[in-house]
Amino acid sequence: MIRNYLKIAWRSLMRYKGYTFVKVSGLAVGVSCCLLILLFVRSEWSYDAFHTQSDRLYRAWQDEAFQDQRFINVITPLILGPTLEADIPEVEQTCRVMSLRPIVTLGANRFTEAVLMVDPSFFDLFDFPVLRGNTAAPLAGPGSLVLSESAARKYFGDAGAVGQDLEMDLGDEQRRFTVSAVVADAPQASSIQYEMLISYANAGTLMPQQARDNWFNVNTETYVLLREDATAEAASAKFPAMMRKALGEDYPEGGFDIYLQPITDIHLNNSLPAGNQPVSDPKYSYILASVGLIILLVACANFVLLSVGHSGNRAREVGVRKVLGARRRELIRQFLGEAFLVTCMAVLLGLGLALLLLRPFNNLIVRDLDFPADWGFAGFCLVLTLAVTLLSGFYPALVLSRFNPARVLKGLMAAAGGSALLRKGLVVAQFAASIALIICSVFIGQQIRYFQEKDLGYEREHLIVVPTNMGRQEGIPLAERYRTALLSHPEVANVSVDLYSFAETPWITMGFTDEQNAYQSFQYNLVDPYFVETMKLRIKEGRSFDPQVTSDRAGAAVVNEAFVRQFGLQEPIGQKLPGRFPPRIIGVLEDFNYESLHSPVTPLVLTLQPDSMMRYTENVGMAFSPQPRVTVRLKGGSLVGQVDLLKTAWASVAPDQDFEHTFLDESLAARYQAERRTGTIVKVASALAVFIAVLGLFALVTLTLARRRKEIGIRRVLGAPASSIVRLISMDYARLIGLASLIAIPLAWWFMRSWLRDFAYTIELHWWVFLLGALGALAIALLTIGVQSARTALSNPVNSLRTE
Amino acid sequence: MLLKLENIYKWVNQGGNRTFLLKHLDLEIDEGEFVSVMGPSGSGKSTLLNVIGLLDGFDEGDYYFQGEAVHQMRDKERARLQKEHIGFIFQAYHLIDELTVYENIETPLLYQKVKSSERKALVGDILDRFNIVGKKDLFPSQLSGGQQQLVGVARALISRPKILLADEPTGNLNSRQSREIMELFKELNREGMTIVQATHSEFNASYGTRILHLLDGSWTDTPEL
């Protein structure tokens, strides 16, 4: 029986090849699109799950109350790890992971590298396989250095890295390390990323004993491996007692709490601040997952539409089978089997398509995803096949099996099949999804362009940043020599030497307690007198730094408008900074967006010397290594072409050091990667949704025309012009698409409004974009319908009437 | 007696008017009869055949098949009765286009859950008997009308029904093909098969052992010509 079903299914599919093609390819496109998107979403959701002990691994975080404010941090005191191990029986092992960005020297070459200082338990807790060298105890001593495979290749090429020496600047010292082992690169879906690993035995070089034992000095991530029989709740319950014991009389009741976060929760939990690695907004995976499912549903709707629409052609077969003794159940089974066959074809084709498109997709979203060859994935494909079979096959099966044989065989049954309401509903749903996606992709595109084009308050074009990869003492003189060398070139407009460029934000975060006993914070950057000029910032009041005025060096500060507003300064010029900071304000800059456009402009202080600020701040936060960076403004022309000029000048001042550079506009664009990725996917998805919907519409109109062939023939004989026939057919569908627009527009508006809430600076949701989306879909649909119906309308009516 | 219709009514309501398709109709058919039902278009021939064949219901009256009260049966029993005892032949043959001759004939057996080996034997026999072994792998579109109807008859007979219902079986055939089909019916009838055919043609009707005339859903003694 099954063989018989499959045979007839296959033959009827082959008999209507065009129709089968539309059905299968529509579903295949939907499946492949859905698979690729879900692959991305899956990788987002499965971060850090590759550790075999991931269900027992946690990261500790702290909630510290200080005066009226709470400081939540995943960066913890150094002493937390050992304390947890000693005091909490549920804890099997801990590992501190501290992120450093020191300068690494090999011969004459210097690089800034991502180095992690970790406890030796690192390789017991985590699944980072040691490939070569001392696999038993890779971080045995303070001088041991473990390289990632790519770092080993970068420094030593194909020659063996193990046993080689590297110098690393730690604190004020340059220390020699010997490569003890090479470890595999961290997978992309890991919240722990490294180029090099050194042992925690080096902590003493970085900070004094007092800082290492202090509970109020936070420096490191602390990972915890619980015993197999322990729960996080049981362990957490003992934390308050542990803290009371550790802090003694310093313990503010309920004021310093430690919590555990499952390691697999790290990547998508943006309610906690980011640790060593940035986290993702889970919203984007939800958005993308829904886009993937919408595409799949549009494709399924298409399948149902076509199957039901086509059912007229199967009506006679159903009638005959019923006469021959088929029961309804058997017919339902037959048509479900057919749907299953088509779905299998579509899923296989979709899989192939997805495999083919994986590389372009990876390029598009800047990821390195791969299809997993595991049972989970196979199971997913199977479930997908079954779900799509049911979703797409059940309704047509019901409709087809319901036909009354006596009527069908007499030819009384119109080739309609299925309720008109459902058919119309599906068309409306398809187009509503398509229109909403079109509108959203236009708005997302506009917002991304806005990111790139908004006036930031400085001129972002023609800027190249060259890091010195040196500490301040050495770096500033080198950078200034470089500046002089560059200024002799007519192509160079200006040069500024600063601790941070616009590519590395946030800058330094400083904090102090004001007279009302409230904690205040602002951003700080160490600049040179040419900063304002080079970046083309606008001065609101007062003046910029003057290289000729010596008092500017130690005692002057330039602030931004946000600073003036935040601290309520009247007549700011000449005033001392608030708090205990001694510099006086000599100028106020118009607000400029030195941070990303997700957040509004925050208060900022610029000075020429760090001491007056560093000495009086209560808190210092740095996200990037402080080192002199040279920002070069070129007069114009191709930036890439002028890199050589910068390189030659670099070689003249630092002959034995590698030249590094970044284009500022590229660094700025990278800030909006998540938005751009979503934008790209939504854009492609909306194009696909439209494609599938149009494909379906085309087939549906073909079927409608076949059904109304006689009616059209009669109308033509009675003298109706072809254009009126086209109008007749088009109007039906135009109404449906109008209805779809009415559903899509509020949906799109709602989605976009909630998306834009994430940004401090946004575009407006112009009404014409909504109109454009609706009209665009209508135009495409009418074109499809028009071409098809014109062909029927223009054919000789005698042909269609004669067959009766 | 094979079947008995008593006082059968069937109607449709159209715009407040009731149109009778069958009206006060009685019919008894014995096993081994060959009944020809004649009448002009719209007289109710097809409707009557559909009612007898359980393809269509009726609104009033009693129907007994082999003494069982069909009008009191549930759908399931009726379906079983139809599947096991009734064979249909249509004017438009109604073969399934996607199946070969062999598969078309085999289909009723599939629905009766007949075992594969037995199916093979039964289909083989009937192909032999109708001299169409050579055509068994062809599709309906590759056959002439007469050959298609031959397959239609073979398919109706494969499940060994008690009664064969033929609705204008030769309506789409030329006279030579018609005669062949009628000869076949005659022979089947001689072997004991009960046949009811609806037809326009006096000549075809004359093959029957009994001729009935239908007009506007009721029997009439004087056939209108």
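User: How many residues of chain B are in contact with chain A?
Analyst: 23 residues of chain B are in contact with 26 residues of chain A, where contact means heavy atoms within 4.5 Å. This is a predicted model, where local features need pLDDT of at least 70, side-chain atom pairs count only at pLDDT 80 or more, and totals for chains, interfaces and linings use all residues. Residues are numbered from 1 along each chain as its sequence is written, chains are lettered from A and ligands numbered from 1 in the order in which they are written, and side-chain values use heavy atoms, leaving out hydrogens and water.

User: What area is buried between chain B and chain A?
Analyst: About 2,400 Å², with carbon and sulfur atoms giving 56% of that. Buried area is the accessible area (1.4 Å probe) that two parts lose on being put together, summed over both.

User: Which three residues of chain B supply more of it than any other three?
Analyst: H94(B), E98(B) and Y111(B), with 31% of the area that chain B buries against chain A.

User: And how many salt bridges are there across the interface?
Analyst: The rule finds six, a salt bridge being a side-chain nitrogen of Lys or Arg within 4 Å of a carboxyl oxygen of Asp or Glu. One of these pairs K113(B) with E330(A), at 2.9 Å from N to O.

User: New topic: at what angle do the axes of α10(A) and α13(A) cross?
Analyst: Roughly 35°, and the axes of α10 (residues 282-309) and α13 (residues 375-402) of chain A come within 8 Å. Axes are lines fitted to C-alpha atoms, for helices over the stretch in contact, and angles run from 0 to 180 degrees between N-to-C directions. Helices here are DSSP runs (H or I, at least four residues), numbered from the N terminus.

Definitions and conventions:
Helix = DSSP H or I, 4+ residues; strand = E, 2+ residues; numbered from the N terminus.
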